[in-house]
Structures are given as structure tokens and as C-alpha cells.
Amino acid sequence: MEPDWLNDAAKGFTTAASAWLHTAPVPAELTAEFQTDSPDSTWQRYRKLVGLRKQHPALWQAPFELLQHGATHIVIGRGDLVVAANLGTSPVALPALRVAHVLFESTSGALTVVDGAPQLAAESTVVTRRPAQ
């Protein structure tokens with residue numbers, strides 16, 4: 001692994017005896033050194049999301065289509081993709097995602113089906129592909 005974001009005093013940003021820019025202490029599990037080996041880590045999710053952006057240019061090229069919104073959530077369409085974000089502290093029902101294929105989840109199990117209705121977990125985001133028309 002390249003020497004950056006390590007679990008040391010300088011976080012791998014310098015080899016000097018003292019860094020000119022100090023960083024606050026963080027738990028080891030929040031460093032890239034730790035997260036690169038953890039499949040559900042923030043680091044791995046960002047890698048997957050960047051790869052998804054490369055694989056699906058519609059995420060940034062297709063016109064923005066507002067599909068649903070509420071006080072704590074939003075669902076947008078971009079081409080054949082749907083992005084749903086729940087910023088609230090409770091799950092939200094999203095009937096529009098009933099037959100969607102999940103491409104990305106910000107947390108494992110973010111999109112579940114409860115009593116036949118899709119629900120997006122609190123504080124979660126999913127990117128899905130719409131079914132072919």
C-alpha cells in the first residue's frame with residue numbers, strides 16, 4: 001500500500017519528524033490503511049461509486065428527472081438509472097423501486113422489501129437501474 005492515510009501520528013502525509021499541519025487523532029478503522037481490506041468500508045464504497053460513474057455515464061450526462069421527494073428523501077432519474085437518497089432517521093417507502101436492480105448501496109441492505117413494498121433505510125442512498133421498457 002502507498003504511504004498515505006496510515007494509522008500513525010502524521011497519518012502518512014509526511015516522513016518529517018513533525019508535520020506542519022496537524023491532524024486530529026482518529027480510530028484506526030477510519031484510515032485508508034485499515035479500510036482497503038474491509039469490503040464494507042467507506043473507502044471501498046467510494047471506489048465502487050467512482051467505478052459506477054465510469055460504467056454508467058448517464059449518472060452525470062443524462063437529464064435530471066425529479067421522480068419523488070419528501071421532507072427527508074429524494075428520488076431522481078438519470079437515463080436508465082434511479083438514485084434515491086434518504087437523509088432522515090426513519091426508513092421511507094419507495095414504490096418506484098419495486099422492480100429496480102440495485103447497482104450501489106451506501107450501506108449494506110439499504111433497500112429492503114417490507115410487506116411487498118420497497119423501503120430505503122434511514123441515512124442511505126441507492127443507485128438502481130430501471131427495468132427495460
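Which residue in E7 does valine 92 stand opposite? Leucine 120. Keep that pair in view. One caution before going on: this is a predicted model.

Strand E4 and strand E7, which covers residues 117–120, run antiparallel to each other. Two bridges join them. The sheet is open and has three strands. Its order is E4-E7-E6, and the pairing is antiparallel. Now the edges. E4, residues 92–93, stands at one, and E6, residues 111–114, at the other. Each has a single partner strand, so one side of each is left without a neighbour in the sheet.

Next stop, threonine 128. You'll find this residue in strand E8, residues 124–129. Is threonine 128 buried or exposed? Buried: its relative accessibility is 1%. The cut-off for buried is under 20%, so threonine 128 qualifies. What is threonine 128 in contact with, leaving aside its neighbours within four places in sequence? Asp80, Leu81 and Val82 are among them.

Look at isoleucine 74, in strand E2, residues 73–78. Its relative accessibility is 36%, so isoleucine 74 counts as partly exposed. Ile74 also belongs to a nonpolar surface patch. Phe64 and Leu66 make up the patch with Ile74. The patch area is about 290 Å².

To recap. Valine 92 faces leucine 120 across the E4 and E7 pairing. Threonine 128 is buried. Over to you.

Key. Residues are numbered from 1 along each chain as its sequence is written. This is a predicted model: local features need pLDDT of at least 70, side-chain atom pairs count only at pLDDT 80 or more; totals for chains, interfaces and linings use all residues. Side-chain values use heavy atoms; hydrogens and water are left out. Patches are made of residues with over 30% relative accessible area and no salt bridge: like charges are joined within 9 Å, nonpolar side chains (Val, Leu, Ile, Met, Phe, Trp, Tyr) within 5 Å. Accessible areas come from the Shrake-Rupley method with a 1.4 Å probe; for residues, only the protein chains shown count as cover. A salt bridge is a side-chain nitrogen of Lys or Arg within 4 Å of a carboxyl oxygen of Asp or Glu. Helices (H or I, at least four residues) and strands (E, at least two) are DSSP runs, numbered from the N terminus. Buried means under 20% relative accessible area, exposed over 50%, partly exposed in between (1.4 Å probe, protein chains only). Two strands pair if DSSP finds at least two bridges between them. Contact means heavy atoms within 4.5 Å.
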